[in-house]
Amino acid sequence: MERGRVLLLDAAPGELLDRELARLLGHGLAVTLNLRRVADKAGARAAWAGRVDFTDFDAFEEPALIAEIIRGGIGYHAVKSRAGVPLRAAFLAAATDPALANRLRVVGRAGAGTDHVELAAAARHGVVVTHTPGSNANAVAEFALAQLLALTRNLPAHNEAAHQGRWSAPAAPAVELSELTLGIVGLGRIGLALAERATALGMAVQGLTRRPTETSVPRAESLNTLLATSDVVSLHLPLTPSTRGMVGRAELAVMRPGSILLNTARGGIVDEQALADALRDAAHPLLAAAVDTFGHEHAAFVSPLFGLPNALLTPHVAGMTKGAMAVAAIRCGDHVAALLAGRPDGVPVVTA
């Protein structure tokens, strides 16, 4: 039986790398590890030489990615990504070229969401796309609470002042979480995990979802209703054509005075320029925002939010806990192996 060839575009970090490689090899797969984002390259080579193959290229550079996928005319049956390496039409066409000895059949994402894949092109070329929804639900929910606490207690400003030797007492007393209403846009696994934690801390919680779900979270009638009646709004939904730009100037304008926006979902859901303009305007009802996801990330990272003191910015790290990343890596390996073996039952597959 032919061994499935798998290219790890960006493997799990640290000690999780060994667990991920062992899992894939345990499935009988032939693995090529991209060393570009591996911290200890020499250690990885020494530990896994003879059992896996190695390459080293920037997967976020499409020409380099395509060059690797067609190198020697061999090809790969599957690729796995963690940080959302863009897999667009040109790559998918090259990876499924009939001239290759092994054509791409599966794309696996160790994490939630597949907006990094051009799904229509994948479908045209017969490539199945899978991911690990729910693997980072607790991690992201906890991170959203951390964002909220940091902003409501003004921790970044107090930290900066203290490091400069300034004893800066608050100009006004902070609010407690139990005084606030949290509006959650998207009641999937992450949204529900956040609702549970926020309720335990005494917050009033309401949500908005397009899917019928059995939950005790009160539902808002519309996005504008939720925005206008929440002190804090947290976004937890995928980036799709219908959600791209769903929070823009008009939506930000209806938010409560002194409100906070949290985005740990996807950057494209929020109009970053409109958000930056709102945060610069002292008369705008929006007081602050915490943003973990951006329209342009990694080497292309740029945002109009740069330099705004009331914008708490982090580099897409909400789901990066040891537990979440371990679950995602192992589950993704299992999904890829099952799909390559023709056993799709129970494997989450995303279509265009």
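This is a predicted model: local features need pLDDT of at least 70, side-chain atom pairs count only at pLDDT 80 or more; totals for chains, interfaces and linings use all residues.
**Entry 1: a salt bridge to start with**

I count a salt bridge when a side-chain nitrogen of Lys or Arg lies within 4 Å of a carboxyl oxygen of Asp or Glu.

Glu 68 is buried, its relative accessible area being 6%, while Arg 71 is partly exposed at 47% relative accessibility.

**Entry 2: the other salt bridges**

I searched the whole structure for salt bridges and found eleven. I picked a few to follow up.

Arg 23 pairs with Asp 334, and their closest N and O atoms are 2.8 Å apart. I placed Arg 23 in helix 1 (residues 16–26) and Asp 334 in helix 12, so this pair ties together parts that are 311 residues apart in sequence. Both ends turned out to be partly exposed: I noted 36% relative accessibility for Arg 23 and a relative accessible area of 23% for Asp 334.

Next I went to Asp 115 and Arg 266, whose side chains meet in a salt bridge of 2.6 Å, N to O. This pair also links distant parts of the chain, 151 residues apart. Asp 115 sits in the loop between strand 5 and helix 5 (119–124), and Arg 266 in the loop between strand 10 and helix 11 (272–280). Asp 115 is partly exposed at 29% relative accessibility; Arg 266, at 13%, counts as buried.

I also found a network: Arg 36, Lys 41 and Asp 56 are joined by salt bridges that share partners.

I traced an open sheet of seven strands in the order 3-2-1-4-5-6-13, and its pairing is mixed. Which strands stand at the edges? They are strand 3 (53–55) and strand 13 (349–350); each has a single partner strand, so one side of each is left without a neighbour in the sheet.

Inside this sheet I looked at strand 5 (residues 106–109) and strand 6 (residues 128–130), which run parallel and are joined by three bridges. Here Val 107 stands opposite Val 129 of strand 6.

Helix 12 (residues 322–340) packs on this sheet. I listed its touches as strand 1 (5–8), strand 4 (78–81), strand 5, strand 6 and strand 13. The helix direction makes about 165° with that of strand 5.

**Entry 3: a closer look at helix 12**

I wanted to check the length of this helix, which also holds Asp 334. Is helix 12 mostly covered or mostly open? I found it mostly covered, with 14 of its 19 residues buried. After the helix comes Gly 342, and I noted its positive phi, near 75°.

At one end of the order I checked strand 11 (residues 286–291), which pairs with strand 12 in the parallel sense over three bridges. Ala 289 has Ala 311 of strand 12 as its bridge partner.

**Entry 4: His 236**

Last, I looked up His 236, found in the loop between strand 9 and helix 10 (249–253). Is His 236 buried or exposed? Its relative accessibility is 10%, under the 20% cut-off, so His 236 counts as buried.

Which side chains make polar contacts with the side chain of His 236? I found Ser 234 at 2.6 Å and Thr 264 at 3.5 Å. Leaving aside neighbours within four places in sequence, I noted contacts of His 236 with several residues, among them Val 140, Ala 144, Ile 184, Gly 186, Leu 194 and Ala 265.

Notes:
Residues are numbered from 1 along each chain as its sequence is written. Side-chain values use heavy atoms; hydrogens and water are left out. Two strands pair if DSSP finds at least two bridges between them. Helices (H or I, at least four residues) and strands (E, at least two) are DSSP runs, numbered from the N terminus. Contact means heavy atoms within 4.5 Å. Axes are lines fitted to C-alpha atoms, for helices over the stretch in contact, and angles run from 0 to 180 degrees between N-to-C directions. Buried means under 20% relative accessible area, exposed over 50%, partly exposed in between (1.4 Å probe, protein chains only). A polar contact is a pair of N or O atoms within 3.5 Å; within protein, one must be able to donate a hydrogen and the other to accept it, and residues adjacent in sequence count only if both atoms are side-chain atoms.
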